[in-house]
Amino acid sequence: MDVKEWVLSQRENMLDTAMELMKIRSVSEPGTREHPYGEGCAMVLDKALEIGKQMGFETENHDYCCGSILMPGRTGQEIGIFVHLDVVHEGNGWTTEPYKPVIKDGWLYGRGSADNKGPAAAALYSMKYLKEQEVPLEHTIRLYLGCSEERGMEDIEYYTSHYPAPEFSFTPDASFPVCYGEKGILEGEFSCAIPEGHVTGFSAGVASNAVPAEARVWLSRTSCDAVRDYVDSLDNPQDFTVEGGSQIVIKAAGKTAHAAFPEVLTARR
């Protein structure tokens with residue numbers, strides 16, 4: 001069967017598979033010895049391996065750090081397809097439920113639809129096509145399923161310290177066209193003492209790789225009316241709310257984005 005014809009015939013199944021994975025809240029977080037990246041990541045890995053096994057593929061669970069779906073070739077050499085099943089914290093500001101995926105106007109909405117559960121499903125169905133069409137493979141295909149890509153990629157460190165890396169690999173985790181390089185990442189911790197005075201607390205953001213959608217600061221020993229007057233004098237007072245009480249809280253609403261591409265915020269304004 002022609003590959004385009006086959007893809008169209010599998011469209012609903014492929015979407016169902018992606019949505020099954022997207023329903024699971026798989027934010028990578030410190031877990032237990034058995035489930036090192038939390039229960040959500042363990043659940044989504046189990047589900048992905050179950051789907052792969054139902055398709056007739058060999059599967060491997062690498063101590064819940066990551067997993068593999070395998071399609072053996074003639075040689076022991078491997079081609080790796082590296083995807084990940086963990087997601088960034090969902091944050092706020094959704095117009096749909098992040099873990100109840102829906103299709104609207106031809107778009108699939110839900111956490112992980114693009115990064116990276118949708119592409120994981122597409123890669124799996126690519127293997128399914130090769131299997132059903134009985135395409136002879138020279139090399140083994142390994143679909144690697146990561147569980148901590150969004151939190152430092154310790155899963156790959158675990159895998160490569162216990163198993164040999166494939167001879168050639170690629171990842172469907174970027175936009176067209178093909179990339180052969182990527183921005184580096186720097187995670188830093190900055191701290192300072194808050195001098196005695198008005199500020200008693202500050203918070204913003206839920207993940208180091210996401211531009212915060214909102215920030216809050218707590219104030220004391222100041223007038224709520226004075227704070228409101230100051231906020232009203234700003235160029236964008238509509239982005240702030242002031243709540244009074246035993247402490248004054250200023251909430252600033254912003255626009256979130258992936259930390260690798262903060263420049264897209266300018267285009268959204």
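# Strands, rings and loops

Visitor: In which loop is the place of Asp105?
Guide: β4 takes in residues 102-104. Asp105 has its place in the loop between β4 and β5. The model is predicted. The loop asked for is the one between β4 and β5.

Visitor: Is Asp105 buried or exposed?
Guide: Its backbone has a positive phi, near 55°, although Asp105 is not a glycine. The cut-off for exposed is over 50% relative accessible area. Asp105 has 77% relative accessibility, so the residue counts as exposed.

Visitor: What is the relative accessibility of Asp63?
Guide: Asp63 sits in the loop between β1 (58-62) and β2 (66-71). Phi of Asp63 is near 55°, positive in a residue other than glycine. Asp63 counts as partly exposed because its relative accessibility is 46%.

Visitor: How many helices and strands does the protein have?
Guide: The protein has 269 residues, and 36% of them are buried. Its C-alpha atoms fill a box of roughly 75 × 45 × 30 Å along the principal axes. The secondary structure comes to seven helices and 13 strands.

Visitor: Among contacts between residues at least 6 apart in sequence, what share join residues at least 24 apart?
Guide: Take Met14, in helix α2 (residues 11-22). Beyond neighbours within four places, Met14 contacts Val7, Ala121, Ala122 and Tyr125. Its C-alpha is 8.7 Å from that of Gly118, 104 residues away along the chain. Across the protein, the share of those contacts joining residues at least 24 apart is 65%.

Visitor: How many residues of strand β3 are buried?
Guide: Strand β3 spans residues 78-84, which makes seven residues. The strand is mostly covered. The count of buried residues is six.

Visitor: Which residue in β7 stands opposite Ile79?
Guide: β3 also pairs with strand β7 (residues 168-170). The sense is parallel, over three bridges. Opposite Ile79 stands Phe168.

Visitor: How far apart in the chain are Phe82 and Tyr144?
Guide: The whole structure holds four aromatic pairs. Phe82 and Tyr144 form a stacked one, at 4.5 Å centre to centre and 25° between the planes. Phe82 is in strand β3 and Tyr144 in strand β6, so to speak distant parts of the chain. Their separation is 62 residues.

Visitor: Why do the rings of Tyr144 and Tyr159 count as they do, and what is the class?
Guide: Planes over 60 degrees apart count as edge-to-face. The two ring centres are 5.5 Å apart and the planes stand at 75°. Therefore the class is edge-to-face.

Visitor: In which helix is Tyr159?
Guide: Tyr144 lies in strand β6, 15 residues from its partner. Tyr159 is buried, with a relative accessible area of 1%. Tyr159 belongs to helix α5.

Visitor: Which residues form the aromatic cluster?
Guide: Both Phe82 and Tyr144 are buried. The relative accessible area of Tyr144 is 1%. The cluster is made of Phe82, Tyr144, Tyr159 and Tyr163.

Visitor: Which side chain of opposite charge is nearest to Glu150?
Guide: Glu150 lies in the loop between β6 and α5 (154-162). Glu150 touches residues including His84, Asp86, Asp115 and Asn209. Glu150 is buried yet has no salt bridge. At 7.8 Å, the nearest side chain of opposite charge is Arg111.

Visitor: What is omega for the peptide bond from Asp115 to Asn116?
Guide: Asn116 lies in the loop between β5 (107-109) and α4 (117-132). The bond from Asp115 to Asn116 is cis. Its omega is near 15°.

Visitor: Over the face of which residue does Lys131 lie?
Guide: Lys104 lies over the face of Tyr109, at 5.8 Å from the ring centre. Lys131 is 5.6 Å from the centre of its ring. The ring belongs to Phe57.

Visitor: Which residues make up the covered face of strand β10?
Guide: β10 pairs in the antiparallel sense with strand β8 (residues 199-204) over five bridges. With strand β12 (residues 248-253), β10 pairs antiparallel over six bridges. The uncovered face of β10 holds Glu214, Arg216 and Trp218. The covered face holds Ala215, Val217 and Leu219.

Methods: Residues numbered from 1 in each chain as written. Predicted model: local features only at pLDDT ≥ 70, side-chain atom pairs only at ≥ 80, totals over all residues. Heavy atoms only, no water. Buried < 20%, exposed > 50% of the residue type's maximum accessible area, 1.4 Å probe, protein only. Helix = DSSP H or I, 4+ residues; strand = E, 2+ residues; numbered from the N terminus. Pairing = 2+ DSSP bridges. Lys, Arg positive; Asp, Glu negative; His and termini not counted. Salt bridge = Lys/Arg side-chain N within 4 Å of Asp/Glu carboxyl O. Contact = heavy atoms within 4.5 Å. Phe/Tyr/Trp six-rings, centres within 6.5 Å; stacked < 30°, edge-to-face > 60°. Lys NZ or Arg CZ within 6 Å of the ring centre and 35° of its normal.
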